[in-house]
Amino acid sequence: ALIGRLGAGELRLKTGSAETRFYVEPGFAQVRADVVTVLTAKAIPAANVTAAAADQAAAAADALPGGNALERAAKDRARERAQGMKKVAAHNAAAV
């Protein structure tokens, strides 16, 4: 068995020759007995992630307060999510 931490970004599922892509928020993955389980707060089809949505998420992250340790940690997590969205949106643009 293997358990690992996931960062925000792209998750690709391959079934035979078909591939399905998702944007996932940070979470965890477990591999056990040839079964992969992903635990995340949000997973959306990668095709639904746009550069505009990623820019909006980045702006919202930058607007968060950062006065104390808890606020800075929340701001860092929001920035990580926005960066993951930007990478997925860039992959979408390159695929077109």
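A residue is called buried at under 20% relative accessible area, exposed at over 50%, and partly exposed in between (1.4 Å probe, protein chains only). By that scale Ala-33 is exposed, at 72% relative accessibility.

This is a predicted model, in which local features need pLDDT of at least 70 and side-chain atom pairs count only at pLDDT 80 or more, while totals for chains, interfaces and linings use all residues. Residues are numbered from 1 along each chain as its sequence is written, and side-chain values use heavy atoms, with hydrogens and water left out.

**Figure 1. The whole chain.**
The chain has 2 helices and 6 strands. Helices (H or I, at least four residues) and strands (E, at least two) are DSSP runs, numbered from the N terminus. Along the sequence they follow the pattern β-β-β-β-β-β-α-α. The C-alpha trace spans about 45 × 35 × 15 Å along its principal axes. Buried residues make up 23% of the 96 residues. The accessible surface comes to about 6,500 Å², and 57% of it belongs to carbon and sulfur atoms. Such areas come from the Shrake-Rupley method with a 1.4 Å probe; for residues, only the protein chains shown count as cover.

**Figure 2. Confidence along the chain.**
pLDDT is the predictor's confidence in each residue, from 0 to 100. The chain averages 94, and 99% of the residues score at least 70. Among the elements, helix α1 (residues 51-63) has the highest mean pLDDT, 96. Strand β2 (residues 9-15) has the lowest, 93.

**Figure 3. The largest nonpolar core.**
A nonpolar core is a set of buried Ala, Val, Leu, Ile, Met, Phe, Trp, Tyr and Cys residues joined through side-chain atoms within 4.5 Å. The largest one here has 8 residues: Ala-8, Tyr-23, Ala-46, Val-49, Ala-54, Met-85, Val-88 and Ala-89. Helix α2 (residues 69-95) gives the largest share, 3 residues. In soluble globular proteins, nonpolar side chains tend to be buried together.

**Figure 4. Around Ala-8.**
Contact means heavy atoms within 4.5 Å. Not counting residues up to four places away in sequence, Ala-8 touches Tyr-23, Val-24, Glu-25, Pro-26, Glu-80, Arg-81 and Gly-84. Across the chain, residues 24 or more positions apart account for 44% of the contacts with a separation of 6 or more.

A salt bridge is a side-chain nitrogen of Lys or Arg within 4 Å of a carboxyl oxygen of Asp or Glu. The structure holds 6 of them. One joins the side chains of Glu-80 and Arg-5 (3.6 Å, N to O). Glu-80 sits in helix α2 and Arg-5 in strand β1 (residues 2-6), 75 residues apart. Glu-80 is partly exposed at 27% relative accessibility, whereas Arg-5 is exposed at 58%. Another salt bridge joins Glu-25 and Arg-81 (3.9 Å, N to O). Glu-25 lies in the loop between β3 (18-24) and β4, and Arg-81 in helix α2, 56 residues apart. Glu-25 is buried, with a relative accessible area of 14%. Arg-81 is partly exposed at 28%.

**Figure 5. Further salt bridges.**
The side chains of Glu-19 and Lys-14 meet in a salt bridge (4.0 Å, N to O). Glu-19 counts as partly exposed at 39% relative accessibility. Lys-14 counts as exposed at 61%. Glu-10, Arg-12 and Arg-21 are linked in a network of salt bridges.

**Figure 6. Pro-45 and its contacts.**
Pro-45 lies in strand β6 (residues 43-45). Its relative accessible area is 37%, so Pro-45 is partly exposed. Leaving aside neighbours within four places in sequence, Pro-45 is in contact with Arg-21, Phe-22 and Tyr-23. Thr-20 is 25 residues away in sequence and 8.0 Å away in space, C-alpha to C-alpha.

Most residues other than glycine have a negative phi. Ala-33 has a positive phi of about 55° although it is not a glycine. Asp-34 has one of about 60°, and is not a glycine either. Ala-33 lies in the loop between β4 and β5 (35-40), and Asp-34 is placed in that loop too. Asp-34 is exposed, with a relative accessible area of 81%.

**Figure 7. A nonpolar surface patch.**
Leu-2, Val-31, Val-36 and Val-38 form a nonpolar patch on the surface, with about 330 Å² of accessible area together. Patches are made of residues with over 30% relative accessible area and no salt bridge: like charges are joined within 9 Å, nonpolar side chains (Val, Leu, Ile, Met, Phe, Trp, Tyr) within 5 Å. Val-31 is in strand β4 (residues 27-32). Val-31 counts as partly exposed, at 34% relative accessibility.
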